[in-house]
2 protein chains.
Amino acid sequence: MAVIDDVARLAGVSKATASRALSGRGSVADATRQRVLQAAAALDFRASPAAVSLATGRTGALGVLAPAIDTWYVSTLLRGIAEAALSHDLDVVLYDLGRGAEMRERVFERFRQRHHIDALISTTFALTHREVSRLASIGIPAVALGDGAAGVRSWCLDDERVGTLATEHLLSLGHRRIVHVGGSTVLDESLFAAERLRERGYQRAMRAAGLQPAPTLLHDPTAEASYAHALSMLRSPDRPRAVFAATDEIAMGVLLAARSLGLRVPLDLSVVGVDDHAYAAAFDLTTVRQDPREHGERIVDWLVADLAAPSGDTSHELIEPELVVRGSTAPA
Amino acid sequence: MAVIDDVARLAGVSKATASRALSGRGSVADATRQRVLQAAAALDFRASPAAVSLATGRTGALGVLAPAIDTWYVSTLLRGIAEAALSHDLDVVLYDLGRGAEMRERVFERFRQRHHIDALISTTFALTHREVSRLASIGIPAVALGDGAAGVRSWCLDDERVGTLATEHLLSLGHRRIVHVGGSTVLDESLFAAERLRERGYQRAMRAAGLQPAPTLLHDPTAEASYAHALSMLRSPDRPRAVFAATDEIAMGVLLAARSLGLRVPLDLSVVGVDDHAYAAAFDLTTVRQDPREHGERIVDWLVADLAAPSGDTSHELIEPELVVRGSTAPA
DNA sequence: CTGTTAGCGCGTTCAC
DNA sequence: GTGAACGCGCTAACAG
């Protein structure tokens, strides 16, 4: 494999000039640049990432810190990040926190090593306070998608707005017996934050309509747990006529339960979810959409700009959710 | 941040000795090694990955080449890979091929650069012949999970066995009107290979039972497309009494269609899927399990061993599938 | 605008 | 078993 010295020799210039011509930094005469570029192409020259990294202190890689990536939201987000990173000529290094404490500890220990990555993207609401402060002490810039930490640029879906959007949709259809089914409290406190905000949005919308919010039903945020809980909820004689589920996965569990009980959706029961999960259309589910792929692209673009010219921006930006009406909701 | 010179000085030895003591290569007196280790710990020394990489030619990273990672199989596989890589102190660099041709081209172009990664794991059946040969010319060792390429160590689910397992289960329950619903041919030829094998397994089992296999119904391998197709299939007067779906996602579409037509599962219709998808239990779906997480761990472990001592092994290993019986299948 | 020189932080000969 | 010197491939600082 050709090295930069070969290119310089073939172009009849010094290593330094070749480097300048190749990287675009520093000024080089046009004719000289052309010769260098041609020589590089002829030799199929590729700079050694390790050498560049050692000389510049940059790695050309972005780290992504994610809790269990086998979920719709995180894996879709990752696609957006990977695509955007590639277009900026950056590698994506994946750190999966898993679902247990042991992995998390090992990942954070690994972070203390130097210069594996130029910047870190922490995704979804899974960092503890201790982890946030550990990240801060590493010295590489970090941004967060989700509940923002102090001193870190972050984006977050406006989860309270999610709750009011979904609830107001049901209210506008004339529903009054509306129940909110949420996720569990067993996961991280910071994940719980999103759930609490969605619940609060629901309660606010109910009260604004002069209605008493029903107690939120909590369980594991999976279709399976939701199915089991929804069965008993829907068997009750005073069952709700409308359900606002905190995620599409939960909503799917409710839909499956309703169907197996012979309830017709949306005639006997209206259901709204959150996410616009890949299956939401197949379930004909009305939902509040968020677009993780676009989130990923947005965060990478921002990071690349900030890497080039650090802005010191530590703002926390709310992402506006969008209601998608499908066939799972109908007038009361 | 402390460098190895600081460690050497504190321990009262030379850089060379410090390096030997830290890496474990070369012989160092026990007492000396202890002093170096203590000094390193005291200074919280971490070797610079870039410098190590430049000196040794190793990057300490594994590349993972994946088609669209927002699918259950790939994202779960990625978890297994990430966890295993972490335990071997390796980074995971993600290359998402996406669903279009443009991304693929850019990813493969990127591969031509040197030494981003020590080895490459290509996952699921998505490589074209041209891509396989491009990979081969890169010079970094590659292994494949899926349809094996010549000269590359590979693992693959025994897809024909998948088909016979599922079909024989339905046959053993007394079913005779069994239809196979498969994925589409619009994706890569190599993905199609798995589908064809599952179909062949179905046909073989049917013929072995003295039955005529029905023509396979093909459509996009999503729950949504499956739902639409299943509706018309199940409305037909001579509808099947049992369905073997090529994936759980397809099976879910069939189940949703059956329920919306008022058909009772498994009384009126038995359904078998493939994967043991995260939702399979919620759907109470009988399925042929594969364990992508375990596949990921297995492949990384093999790779690490082969990196340490290249075996030249280019064998192609079949992974045995396992039937999981749940409530979506019952006697005819 | 260009060439020379000096590192970046390690691993690794080769002497001793 | 240990130390001095060199090299990995590139970029940055300084002259010219």
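Tutor: Let us begin with DNA strand D, which has 27 residues around it, and of these Ile4(A), Lys15(A), Ser19(A), Ser27(B) and Thr32(B) come nearest. Please keep in mind throughout that this is a predicted model. Of the atoms of DNA strand D that lie within 4 Å of the protein, 66% belong to sugar or phosphate, and the rest belong to bases. Individual polar side chains illustrate both kinds of approach. On the base side, Arg20(B) places a polar side-chain atom 3.0 Å from a base nitrogen of DNA strand D. The elements that each supply at least two residues of the surface near DNA strand D are α2 and α4 of chain A, together with α2 and α4 of chain B. Sorted by class, that surface has 14 nonpolar, seven polar and six charged residues.

A base is approached by Arg20(A), which has a polar side-chain atom 3.0 Å from a base nitrogen of DNA strand C. Two or more residues of the surface near DNA strand C come from each of α2 (15-23) and α4 (49-56) of chain A and from α2 (15-23) and α4 of chain B. By class, the surface near DNA strand C is made up of 14 nonpolar, seven polar and six charged residues.

The relation between the two protein chains comes next. Chain B can be laid on chain A with an RMSD of 0.2 Å by a turn of 180° and a shift of 0.0 Å along the axis, and the two copies are thus related as by a two-fold rotation axis. The same surface serves both copies, since 100% of the contact residues of chain B recur in chain A.

That contact draws 55 residues from chain B and 56 residues from chain A. Together the two chains bury about 5100 Å² between them, and 58% of this area is on carbon and sulfur atoms. Ten salt bridges are found across the interface of chain B and chain A, one of them between Asp70(B) and Arg79(A), whose closest N and O atoms are 3.6 Å apart. There are also 18 residue pairs in polar contact between chain B and chain A, counted where both residues are at pLDDT 80 or more. On the side of chain B that touches chain A, the elements giving two or more residues are α4 (49-56), α5 (72-87), β2 (91-96), α6 (101-111), α10 (223-235) and α11 (248-260) of chain B. Among these, α5(B) gives the most, with eight residues. The residues on this side of chain B divide into 27 nonpolar, eleven polar and 17 charged.

Over all chains, the structure holds 47 salt bridges. One of them joins the side chains of Glu109(A) and Arg134(A), at 3.8 Å from N to O. Because Glu109(A) lies in helix α6 (residues 101-111) of chain A and Arg134(A) in helix α7 (residues 129-136) of chain A, this pair ties together parts that are 25 residues apart in sequence.

Finally, some points of backbone geometry deserve a look. Most residues other than glycine have a negative phi, and most peptide bonds are trans. In chain A, however, a cis peptide bond with omega of about 10° joins Val265(A) and Pro266(A), and Pro266(A) has its place in the loop between α11 (248-260) and β9 (270-275) of chain A. In chain B, a cis peptide bond joins Val265(B) and Pro266(B), again with omega of about 10°, and Pro266(B) lies in the loop between α11 and β9 (270-275) of chain B. Asp275(B), found in strand β9 of chain B, has a phi near 140°, a positive value in a residue other than glycine.

Notes. Residues numbered from 1 in each chain as written. Chains lettered and ligands numbered in written order. Predicted model: local features only at pLDDT ≥ 70, side-chain atom pairs only at ≥ 80, totals over all residues. Heavy atoms only, no water. Contact = heavy atoms within 4.5 Å. Buried area = accessible area lost by both parts, 1.4 Å probe. Salt bridge = Lys/Arg side-chain N within 4 Å of Asp/Glu carboxyl O. Polar contact = N/O pair within 3.5 Å; in protein donor to acceptor, adjacent residues only side chain to side chain. Helix = DSSP H or I, 4+ residues; strand = E, 2+ residues; numbered from the N terminus. Nonpolar A, V, L, I, M, F, W, Y, C, P; charged D, E, K, R; others polar. Least-squares fit on C-alpha atoms with pLDDT ≥ 70 in both. Near = heavy atom within 4 Å.
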